[in-house]
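Biologist: I am new to this structure. Could you show it to me and take some questions?

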Amino acid sequence: MSYENILSKTHDGITTITINRPNKLNALNKATINELNQAFKVADKDKKTKVIIITGSGEKAFVAGADISEFADFDVAEGGKLAAKGQELLFDYVENLSTPVIAAVNGFALGGGLELAMACHFRIASDNAKMGLPETSLGVIPGYGGTQRLPQLVGKGRAMEMVMTAGMIDADTAKAYGLVNHVTTQEELMPLCEKIAGKIMRNSPVAIKGAIKAINANYKDGVDGFKVEIKQFGKCFGTDDFTEGTTAFLEKRKAEFPGR
Ligand code: COA
């Protein structure tokens with residue numbers, strides 16, 4: 001499939017999706033959000049894709065936010081719709097995907113860019129990355145899940161300070177906050193993401209899918225995560241992956257998961 005604003009390629013089990021508007025620091029306009037939804041959908045259905053990595057094109061930015069030029073003249077109804085549609089098509093969509101999604105944060109991750117990184121299952125940053133939710137400096141609040149996911153990841157006080165000051169934090173601070181798992185050089189960012197993707201690929205995709213559901217349940221209002229865990233745990237016992245995983249262990253060999 002060909003896209004105008006993104007690139008998507010699959011190699012050795014990894015689909016790498018690159019937001020490709022470097023002249024606009026990869027800002028998320030409507031067309032890009034639609035294309036990302038499509039690319040994630042395709043990758044999630046593709047049996048060859050075991051892990052998805054999302055990154056930004058160029059050396060400067062992951063994503064410098066939602067495209068400000070597109071919403072500057074919106075009214076109340078349009079503003080609400082912008083947030084609702086974006087959350088549905090991209091941010092909630094990515095968070096609830098069955099295929100693991102790693103954000104390779106290669107530069108500025110601001111506003112919708114940080115919100116996109118936070119919707120991914122985890123984040124790895126290069127040492128030039130800068131992260132923040134600057135929306136209050138534009139007279140709005142984060143609308144792509146930032147007010148919910150930032151406190152989940154860094155705690156309420158830090159989230160409040162980041163949103164109220166509209167400031168940026170560097171990659172080391174983001175790591176100290178628990179916002180990113182690892183910090184590396186720009187050159188090593190993709191190799192490190194691919195190395196971690198390789199470790200994920202050794203394990204059962206069916207079990208990983210269940211684990212994503214159970215972990216995400218902890219953050220859903222009105223959902224008992226322990227019950228979701230029990231259900232997902234039980235389901236594993238009916239899978240070929242479970243038979244293969246336990247048999248391989250007892251036979252002292254490496255498991256070859258069929259992914260069923
Ligand atoms: N929306 C639309 N365009 C954006 C953008 C955004 N969020 N972020 C950057 N751009 C565009 C700039 O308008 C500029 O386009 P131009 O060359 O046609 O004028 C281009 O990307 C390069 O950005 P520039 O501001 O010149 O780069 P810089 O190195 O001086 O500054 C930033 C980098 C990230 C500090 C700055 O671009 C910025 O503050 N961006 C907005 C961040 C933001 O508020 N995001 C939240 C949106 S809700």
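Biologist: Which residues form a nonpolar patch on the surface?
Modeller: The model is a predicted one, where local features need pLDDT of at least 70, side-chain atom pairs count only at pLDDT 80 or more, and totals for chains, interfaces and linings use all residues. Residues are numbered from 1 along each chain as its sequence is written, and side-chain values use heavy atoms, without hydrogens and water. The patch consists of Ile-68, Leu-138 and Val-140, with about 240 Å² of accessible area together.

Biologist: Where is Leu-138 placed?
Modeller: Leu-138 sits in the loop between β8 (130-132) and α5 (146-154). Leu-138 counts as partly exposed because its relative accessibility is 46%; the class lies between buried, under 20% relative accessible area, and exposed, over 50% (1.4 Å probe, protein chains only).

Biologist: On to the backbone. What is the phi of Asp-12?
Modeller: Asp-12 has a positive phi, near 50°, and is a residue other than glycine. Most residues other than glycine have a negative phi. Asp-12 lies in the loop between β1 (6-11) and β2 (14-19).

Biologist: And is Ala-166 buried or exposed?
Modeller: Ala-166 is buried, with a relative accessible area of 17%. Ala-166 also has a positive phi, about 60°, and is in the loop between α6 (156-165) and β9 (168-170).

Notes: Patches are made of residues with over 30% relative accessible area and no salt bridge: like charges are joined within 9 Å, nonpolar side chains (Val, Leu, Ile, Met, Phe, Trp, Tyr) within 5 Å. Accessible areas come from the Shrake-Rupley method with a 1.4 Å probe; for residues, only the protein chains shown count as cover. A salt bridge is a side-chain nitrogen of Lys or Arg within 4 Å of a carboxyl oxygen of Asp or Glu. Helices (H or I, at least four residues) and strands (E, at least two) are DSSP runs, numbered from the N terminus.
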